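Take a moment with the sequence and the model before reading on. The paragraphs below walk through them step by step.

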Amino acid sequence: MSNLERTLSIIKPDAVERNLSENIKSIFSKNNLSVLDSKKLHISKDEAAEFYKVHQSKPFYDQLCSYLSSGPIEVMILEGKNAITKNRELMGATDPKNAKEGTIRKLYGISIDKNSVHGSDSPDNAKAEINFFFRK
Ligand code: CDP
Ligand code: MG
């Protein structure tokens, strides 16, 4: 298969809390993204700050780190053809209000911060983010 990629997906606290993990994973599998590994965990604010350090200069950084550490999350490695772009398409726009019909954020997102999922945005970030949660 050409361009087989891996990417990191996170089901954020708002979606874990509403028991949406299985619904979200079924969207991935219907779209030929397989879950290679997954785990549920509750990270600290310091760990969230490290994970999101590319956003450290943004006005929403502190709130974002508080939010990601506010409850359990599920992190997973997705694999498939063009997995990075495919996952971003399935997620939809950052703000659920702007997300297309059928996307995960349109279906389940509550607001720009409680937008249900994270997905790596480039091959380099996918490697770094997979390593962050799954370094062996
Ligand atoms: O998650 P995505 O890659 O679509 O968006 P981002 O620009 O990388 O921002 C990371 C996360 O910060 C978003 O998913 C939102 O949860 C949050 N955010 C926010 O709370 N307020 C904003 N104005 C922009 C982003
Ligand atoms: Mg991003």
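What follows covers the sheet first, then a helix, then the ligand.

This is a predicted model, in which local features need pLDDT of at least 70, side-chain atom pairs count only at pLDDT 80 or more, and totals for chains, interfaces and linings use all residues. Residues are numbered from 1 along each chain as its sequence is written, chains are lettered from A and ligands numbered from 1 in the order in which they are written, and side-chain values use heavy atoms, with hydrogens and water left out.

Begin with the sheet. Strands of a sheet pair through backbone hydrogen bonds, either parallel or antiparallel. Here four strands form an open sheet in the order S2-S3-S1-S4, and the pairing is antiparallel. Strands are DSSP runs (E, at least two residues), and helices are runs of H or I with at least four residues, numbered from the N terminus. Two strands pair if DSSP finds at least two bridges between them. Strand S2 (34–41) and S4 are the edges, each pairing on one side only. From one strand to the next, the twist averages 20°. Axes are lines fitted to C-alpha atoms, for helices over the stretch in contact, and angles run from 0 to 180 degrees between N-to-C directions.

Now look at S1, residues 4–11. Is this strand mostly covered or mostly open? It is mostly covered, with six of its eight residues buried. Buried means under 20% relative accessible area, with a 1.4 Å probe and protein chains only. Strand S3 (residues 73–81) runs antiparallel to S1, joined by eight bridges. Across this pair, Arg 6 stands opposite Glu 79.

Next comes a helix. H5 (residues 83–91) lies across S1, S3 and S4. It runs at about 35° to S1.

Last, find ligand 1. The residues around it (a heavy atom within 4 Å) include His 55, Phe 60, Arg 105 and Asp 113. Lys 12 places a polar side-chain atom 3.0 Å from a ligand oxygen. For Arg 88, a side-chain N or O atom is 2.8 Å from an oxygen atom of ligand 1. For Thr 94, that distance is 2.6 Å. The protein covers 79% of the 500 Å² of accessible area that ligand 1 has on its own.

Methods
Buried means under 20% relative accessible area, exposed over 50%, partly exposed in between (1.4 Å probe, protein chains only). Contact means heavy atoms within 4.5 Å. A polar contact is a pair of N or O atoms within 3.5 Å; within protein, one must be able to donate a hydrogen and the other to accept it, and residues adjacent in sequence count only if both atoms are side-chain atoms. Accessible areas come from the Shrake-Rupley method with a 1.4 Å probe; for residues, only the protein chains shown count as cover.
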